[in-house]
Amino acid sequence: MIKDRVIWGVCVGLFLTGGLFAYAFSGGKSDGFKIVDLFAIVSAIATAFAAFAAWSAASAAQKQSFDSAVSIRRQTHRTHVESFNEWLDGMESELDVKFYRRYELYEIIFPNNRNPAFEFSEVGDSEVEAWQKSYATLADLACNPSRPGLREVESWVAGLMFLTGFMRCSILSSTSVQIFLDNRIPSGISFDNYKRALPVLGIVLSSLSKFAFIERSSSNRGMSSEFELAFSEFVQAVMNSSWNQHSYRAGAS
């Protein structure tokens, strides 16, 4: 490295300076080798060695300090991930949901914490706020007193499916009877759980936001009777005529 070359240059310079000092001390005469010349040379070598030793000690101390900082950072990250997993465990036991690929969820909410080059932060990424906005849109549609059409209900089901995917959260077993979008993508939404899906996801999102120190909460505002009727018609259309190539069936075991 350039820094190492500079240190070696300083050491060589000190050695040469000692030699010049010896020459000057002898008066510039070449009357043969004297004892004073020997002491001057030894002094120059000792000075250069001392400079090199000081650089080595400083370099070792710097490396030790860096290694210690990296070790502390890794331990901080490990502890934070463990706390995050405990937080998810609590939600699973209380809400009957299942989180999968948890490490991906952590990386999405805290994208910089694993890399020592970035500052560690317990505050979550703006992606969580995007989830909150998506949830608010779904909640608005569900509580709207105006009756939605099949396309709007389809958009609502797809929105819930995407949101649960973003949060790596499953609210229904993949083998359960449910709506399959395009007859191949399990939505996690069925006629039995659609009323429960929105409030449960609201609690999950609010809990994740709380862990990430993002203040905004995601509250459920209920479901209008008009929306319930429209959802029932949507499921019937899918079951009776595979509306828009969707299906309502059990998943593969």
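User: Where do we start? How much accessible surface does the protein chain have?

Analyst: The accessible surface of the protein chain is about 14900 Å². Carbon and sulfur atoms account for 59% of that surface. Keep in mind that this is a predicted model.

User: What percentage of the residues are buried?

Analyst: The protein chain has 253 residues, and 34% of them are buried. A residue counts as buried when its relative accessible area is under 20%.

User: How many helices and strands are there?

Analyst: The protein chain has seven helices and five strands. Now take them in sequence order. The pattern reads α-α-β-α-α-α-β-β-β-α-α-β.

User: What do the contacts say about residues that lie apart in sequence?

Analyst: Take contacts in the protein chain between residues at least 6 apart in sequence. Of these, 73% join residues at least 24 apart. Here is a pair to look at. Gly-165 and Tyr-100 are 65 residues apart along the chain, and their C-alpha atoms are separated by 9.5 Å. Gly-165 belongs to helix α5. Its relative accessible area is 23%, so Gly-165 is partly exposed.

User: Now the inside. Which residues touch the most other members of the largest nonpolar core?

Analyst: Trp-156, Leu-208 and Phe-231 do, in a core of 50 residues. Next, ask which elements supply the members. Those giving two or more residues are α2 (35–95), α3 (102–109), α4 (127–143), α5 (150–166), β3 (177–181), α6 (194–211) and α7 (225–241). Helix α6 gives the most, with nine residues.

User: Which residues does Trp-156 touch?

Analyst: Leave out residues up to four places away in sequence. Trp-156 then touches Leu-138, Leu-141, Ala-142, Tyr-194, Leu-198, Met-223, Phe-227 and Phe-231.

User: Some of those have rings. How is a pair of aromatic rings described?

Analyst: By two values: the distance of the centres and the angle of the planes. There are 14 aromatic pairs here. Planes under 30 degrees apart would count as stacked, and over 60 as edge-to-face.

User: What kind of pair do Phe-234 and Trp-243 make?

Analyst: Their ring centres also lie 5.8 Å apart, but the planes are at 75°, so this pair is edge-to-face. Phe-234 and Trp-243 are both buried.

User: Which residues form the aromatic cluster?

Analyst: One cluster holds Trp-156, Phe-191, Tyr-194, Phe-227, Phe-231, Phe-234 and Trp-243. You have already met Trp-156 as a core member.

User: Let us turn to strands. Why is β3 described as largely enclosed?

Analyst: Count its buried residues. Four of the five residues of β3 are buried, so the rest of the structure largely encloses this strand.

User: Which strands are joined to β3 by bridges?

Analyst: Strand β5 (residues 247–250) is joined to β3 by four bridges, and the two run antiparallel. Strand β4 (residues 185–186) is joined to β3 by two bridges, again antiparallel. In β4, the bridge partner of Phe-180 is Pro-186.

User: What sits over the ring of Phe-180?

Analyst: The charged end of Arg-249, at 3.8 Å from the ring centre.

User: Last topic: backbone angles. Which residue takes a positive phi in the hairpin of β3 and β4?

Analyst: Asp-182 does, with phi near 60°. That hairpin has three residues between its strands.

User: Where do Asp-96 and Arg-101 lie?

Analyst: Asp-96 is in the loop between α2 and β1 (98–99). Asp-96 is not a glycine, yet its phi is positive, about 60°. With a relative accessible area of 59%, Asp-96 is exposed. Arg-101 is in the loop between β1 and α3. Arg-101 is not a glycine either, and has a positive phi of about 45°. At 43% relative accessibility, Arg-101 is partly exposed.

Conventions
Residues are numbered from 1 along each chain as its sequence is written. This is a predicted model: local features need pLDDT of at least 70, side-chain atom pairs count only at pLDDT 80 or more; totals for chains, interfaces and linings use all residues. Side-chain values use heavy atoms; hydrogens and water are left out. A nonpolar core is a set of buried Ala, Val, Leu, Ile, Met, Phe, Trp, Tyr and Cys residues joined through side-chain atoms within 4.5 Å. Buried means under 20% relative accessible area, exposed over 50%, partly exposed in between (1.4 Å probe, protein chains only). Contact means heavy atoms within 4.5 Å. Accessible areas come from the Shrake-Rupley method with a 1.4 Å probe; for residues, only the protein chains shown count as cover. Rings of Phe, Tyr and Trp (its six-membered ring) pair if their centres lie within 6.5 Å; planes under 30 degrees apart count as stacked, over 60 as edge-to-face and the rest as tilted. A charge sits over a ring if NZ of Lys or CZ of Arg is within 6 Å of the ring centre and within 35 degrees of the ring normal. Two strands pair if DSSP finds at least two bridges between them.
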